[in-house]
Amino acid sequence: MAGRRGRGPVLTCTLAVAAVGASWTLDGRGAADAAEPGAITGRIVVTEGQVRFAGERPVGAAIDMSADAYCREQHDETLIDRPVRVGSDGGLADVLVRIVNAPESGVAPEAEALLDQAGCLYTPRSVAVRAGQPLVIRNSDATLHNVRVVPASNPGFNLGQPIRGIQSTRSFETPEIGIQVRCDIHGWMTASIHVIDHEFFDITGEDGTFTLPTLPPGDYQIEAWHPTLGTVSGSVSVTAGETPPLTLEFSSS
């Protein structure tokens, strides 16, 4: 069910797959009255997923903000840089979860995604957008940041943002996973941008949970990507009326 890439860790996520009844369609409106009795005219909902981490949790390193008085004053205590953020119940944050062989989606949303700089940290650490969707990059700090974005398949850029509230809008046209973002002024500031050509993806929250949009019945490849732990893939069969479990887990072993 789960596979390894090289000698990387193994990932685990848990999916609950529920069938939607005949009176429901993808956009929530009623199904056509002409549907045959018992026909499934709706979609399958994939929800309540969670990516978990098992084993000894990696230890983070203290962040030295002494070179920038503003950054240092934003925090009452020394921050620990934790590239692997595991919640109290083992949920793993900052993981991109996506369907690899996803159905075709419509045009990219006009709604803007946001990558912020607050407290001299990128927020969020991982952000995902549709190809062509606008991404706002904002400096919420009263200190100079620069945003160096280093893609492999899209044009890169380096933005200087010297004042609080300044923001720039960019977009990416080519799908790409794990675009590196860093601040050359504050070396501890790193983030990842993901560009997806469909809507069937999400980033896990602080507790490792994620939600994927509705899927038609079928067999799908699901992939989870973490900037430190790597990539693991698995498969799930979505069938009307069934809720097949899928469990994948990152491990330190």
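Reader: What makes cysteine 71 and cysteine 120 a disulfide?

Author: Their sulfurs lie 2.0 Å apart. A disulfide is a pair of cysteine sulfur atoms within 2.5 Å. The pair therefore meets the cut-off. This is a predicted model: local features need pLDDT of at least 70, side-chain atom pairs count only at pLDDT 80 or more, and totals for chains, interfaces and linings use all residues. Residues are numbered from 1 along each chain as its sequence is written, and side-chain values use heavy atoms, with hydrogens and water left out.

Reader: What is the handedness of the link between cysteine 71 and cysteine 120?

Author: It is left-handed, with -80 degrees about the S-S bond. Helices (H or I, at least four residues) and strands (E, at least two) are DSSP runs, numbered from the N terminus.

Reader: Why is cysteine 71 called buried?

Author: Its relative accessibility is 0%. Buried means under 20% relative accessible area, exposed over 50%, partly exposed in between (1.4 Å probe, protein chains only). So cysteine 71 counts as buried. Cysteine 120 is buried as well, with a relative accessible area of 0%.

Reader: How do you know that cysteine 183 is in no disulfide?

Author: The nearest cysteine sulfur, that of cysteine 71, is 8.1 Å away. That is not within the cut-off, so cysteine 183 is in no disulfide. Cysteine 183 is buried, at 2% relative accessible area. By this rule the count comes to one disulfide.

Reader: Why are E6 and strand E7 said to pair?

Author: Two strands pair if DSSP finds at least two bridges between them. E6 and E7 (residues 121-123) have three bridges, so they pair, in the antiparallel sense. Alanine 118 stands opposite leucine 121 in E7. Two residues lie between the strands of this hairpin, and glycine 119 takes a positive phi near 65 degrees.

Reader: What makes E6 and E9 partners?

Author: Five bridges join strand E6 (residues 113-118) to strand E9 (residues 135-139). Leucine 115 has isoleucine 137 in E9 as its bridge partner.

Reader: Why are E8 and E11 called edge strands?

Author: Five strands form an open sheet in the order E8-E14-E13-E10-E11, with mixed pairing. Strand E8 (126-130) and strand E11 (157-161) each pair on one side only. Strand E10 (residues 145-150) runs antiparallel to E11, joined by five bridges. There, asparagine 146 stands opposite glycine 160.
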